[in-house]
Amino acid sequence: MKKEILHIYVRVSGDKSAKMNNSIPAQREAGIQTAKRNNMEYRIHREGDINTGRSATKDDLRNRPILQKLLDLCKAGEVKHIFYTEWDRLARTRQIAANILEIVKEFGILLYDSRSVYDIKNNPQHELMLGINSVLSQHEIRQKNERIVRSLGESAKKGNWSGGVMLPYGFRRERIPVYVDNQINRVVSGVLEIHPEESKIIQRIYNLSLQGKGGGKIADILNNEGVLTRGRKSLSKGLKLKNRRTGEPRIIKPENIIWRSATILGILKNPLYKGERIYKGNIIRLTPLIDPVLWQMVQDNLKKNNINSERNNKVHFYLLKGMLICGKCGKGLYGVI
């Protein structure tokens, strides 16, 4: 007699669960042991990779192709037994949970975890238990997100940087001297401090802007002098991007990570350089790299230049404005007199 098949669904999202007992190998082993206890064969269905996990609040079946395929097999009558270690491995939102429970109930699928078997088609209590698990999972995710937001907010108020791995040009992480075996050991904290060498470049960018140099001209000056961008210093293997229009990936080689007009303008308009970091609508005061008066002079100058720019001259009508897209980078093309 042919044995039943236990379909083992394993998944690790992009949180710290991979470092705990919910890793892919642990989930596989738990499923295999369950199959053996029930005298069943097994099939492993692995969803994605830890590096491609999305936020739990944005979780849906569109980014869960393996789960979607498993549910389609249920509808086709090819799957009758599904294993998962924890409910939030299977469903992390009530929408997904409702979809799964509807299919499982309609087609009489048995659900297994490491402790129990659930037959929601024939046992209303099982349906109630899984429904409660779904609500509790959603509640736990919401609480976790609130704790993260509070923690990041408190950290930002103390001056810690939480804006990503790549720090703003002109800054570095604070280096605190600590004595270890009577020797000074520099310990890096999360607080931003002014980078002594890069800050000179920032000062120069602002001064060049006040002299009437545009973003493109300033970028050309820095590139011609061999001044490296933060990306050029950090990304030794280059930068992988996607075309915004086509979704096609493209690689920017390290030698092509150079100063560009948009980068310069981003620096000139960033209030971080006058000592103000905007976080969740709140202003956090930091040590200014640029004098606030100088920063405001640059903003006024940029606004004046933008108004007088030939590109923004409304007298001239560009028939194809907003319709032409660069096939290489995906950015819009514009007319210039």
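Modeller: Start with Arg-172. In this predicted model, Arg-172 has a relative accessibility of 22%, so it counts as partly exposed. Its salt-bridge partner is Glu-193, with N and O 2.7 Å apart. Arg-172 belongs to strand 6 (residues 171-180) and Glu-193 to strand 7 (residues 183-194), so the bridge ties together parts that are 21 residues apart in sequence. Glu-193 is partly exposed too, with a relative accessible area of 22%. The cut-off matters here: buried means under 20%.

How many salt bridges are there by this rule? The count comes to 9. Two others deserve a look.

Take Asp-113 and Arg-115. Their side chains meet in a salt bridge, at 3.8 Å from N to O. The limit for such a pair is 4 Å. Asp-113 has a relative accessible area of 5%, so it is buried. Arg-115 reaches 61% and therefore counts as exposed.

Next comes Glu-198. It forms a salt bridge with Lys-233, and the closest N and O atoms are 2.8 Å apart. This pair joins distant parts of the chain: Glu-198 sits in helix 6 and Lys-233 in helix 8 (residues 230-234), 35 residues apart. Is Glu-198 buried or exposed? At 3% relative accessibility, Glu-198 is buried. Lys-233 has a relative accessible area of 43%, so it is partly exposed. Arg-230 joins in as well: Glu-198, Arg-230 and Lys-233 are linked in a network of salt bridges.

Helix 6 leads on to the packing. Helix 6 spans residues 198-210 and packs against helix 9, residues 261-269. Their axes are 10 Å apart, at an angle of about 95°. Angles of 65 to 115 degrees count as roughly perpendicular. Helix 6 and helix 9 are therefore roughly perpendicular to each other. Which residues meet in helix 6 and helix 9? Helix 6 brings Ile-202, Ile-205, Tyr-206 and Ser-209. Helix 9 brings Ile-264, Ile-267, Leu-268 and Lys-269. By type, the residues of this contact are 6 nonpolar, 1 polar and 1 charged.

Ile-205 shows the contacts in detail. Beyond its neighbours within four places in sequence, Ile-205 touches Ile-218, Leu-222, Trp-259, Ile-264, Ile-267 and Leu-268.

Gln-299 is in helix 10. With a relative accessible area of 15%, Gln-299 is buried. Neighbours within four places aside, Gln-299 is in contact with Leu-268 and Lys-269. Leu-265 is also found in helix 9. Its relative accessible area is 28%, so Leu-265 is partly exposed. The C-alpha atoms of Leu-265 and Tyr-206 are 10.0 Å apart, for a pair 59 residues apart along the chain.

One backbone point remains. Most residues other than glycine have a negative phi. Asn-39 is not a glycine, yet its phi is positive, about 55°. Asn-39 lies in the loop between helix 1 (24-37) and strand 2 (41-47). At 52% relative accessibility, Asn-39 counts as exposed.

Last, the whole chain. The protein has 10 helices and 11 strands. Of its 337 residues, 35% are buried. Among contacts between residues at least 6 apart in sequence, 62% join residues at least 24 apart.

Technical notes: Residues numbered from 1 in each chain as written. Predicted model: local features only at pLDDT ≥ 70, side-chain atom pairs only at ≥ 80, totals over all residues. Heavy atoms only, no water. Axes fitted to C-alpha atoms, helices over the stretch in contact; angles between N-to-C directions. Helix = DSSP H or I, 4+ residues; strand = E, 2+ residues; numbered from the N terminus. Parallel < 35°, antiparallel > 145°, perpendicular 65-115°, else oblique. Contact = heavy atoms within 4.5 Å. Nonpolar A, V, L, I, M, F, W, Y, C, P; charged D, E, K, R; others polar. Buried < 20%, exposed > 50% of the residue type's maximum accessible area, 1.4 Å probe, protein only.
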